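Please open the structure in a viewer and keep the selection tool at hand.

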Amino acid sequence: MVNVRAETLIAWQADQLDRHAPLTVLNSRKVARQAFSEAVKLDLIPANPFDLVRAPRAQRVNAGRALAPDDAKKLILAAQQFRLGATVTLLFCQGWRVSEVLGLAWEDLDLEASTAHIQRGATYSPSTGTMLGPTKTSGAQGVHFLAPASVVHLREHRARNDAEKETLGLDWPTHSFEGQRLSMVFTTSDGLLVNRQSVVHTIERAARAAGLDPTGLATHTGRRTVITALYANGGLDLADIARHVGHVDTAT
């Protein structure tokens, strides 16, 4: 018989909160708690150790907004007049997380082969600001095929990016992750990492330019839009869609 102590469950719960959203951890906890309750009924353990562990606070939210395919196209085209317009293309064409988009380096891309190798993400910490780190899930990592629009807009973005680098010259900063020097795809005009809010601002500006209501539009809207379009309009299998957008489990 394994003696599972409350301290063990507290550590497990803390580790899960580092990896997943509070609502996800709360749902996992409910399943685990039920299993321990059954163990109590079978006299395998004297008491449920979860009784001594406070549950995480989590608030269930609405699924959020997704755009119709035609509106998504309008948004993508309107975004190209702005400096970070290509981020909108990747969000609403590829369905990637914004952290994955902002973690892209030119070394990850083969525009001739229309592929991108996702290896890292860009996250924000109040103490250090925006920094490079691992992807949210292992399912996001790997080689992804790029939509034709993504290739075209990345080429256009690279031309602007090269011009900015040439202007700053030696003052253009370099970035690295796990010992590898990287040339980031999306940066500020002076070469620093881009934060999520800058992308949200670009989406809102593009929505207004396209004549769309910006209410509820954010970086994750692109992911919902792609998944909805592939499932509802594309008739694809859920497992294929999960692989395309980097979900580890089709249940997500």
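Begin with helix H3, which contributes five residues to the lining of the second largest pocket and gives the most to it. Please bear in mind throughout that this is a predicted model.

Next, select Ala72, Lys73, Ile76, Phe92 and Cys93; of the 14 residues that line the second largest pocket, these lie nearest its centre. The volume of this pocket is about 270 Å³. To show the helices around it, select H3 (69-79), H4 (85-94), H6 (148-168) and H8 (219-233), each of which supplies at least two lining residues. Colouring the lining by class will show 10 nonpolar, three polar and one charged residues.

To display the contact, select Leu75, Ala78 and Ala79 on H3, together with Ile203, Ala206, Ala207 and Ala209 on H7. The residues of this contact comprise seven nonpolar, no polar and no charged.

Now turn to the strands. Which order do the three strands of the open sheet follow? The order is E1-E2-E5, and the pairing is antiparallel. Select E1 (109-110) and E5 (142-145): these strands stand at the edges with a single partner strand each, so one side of each has no neighbour in the sheet.

Technical notes. Residues numbered from 1 in each chain as written. Predicted model: local features only at pLDDT ≥ 70, side-chain atom pairs only at ≥ 80, totals over all residues. Heavy atoms only, no water. 1 Å grid on protein atoms, 1.4 Å probe; cavity = no way out; pocket = protein on both sides within 12 Å on 5 of 7 lines; lining within 4 Å. Points joined across faces, edges and corners; volume = space filled by probe spheres on them. Helix = DSSP H or I, 4+ residues; strand = E, 2+ residues; numbered from the N terminus. Nonpolar A, V, L, I, M, F, W, Y, C, P; charged D, E, K, R; others polar. Contact = heavy atoms within 4.5 Å. Pairing = 2+ DSSP bridges.
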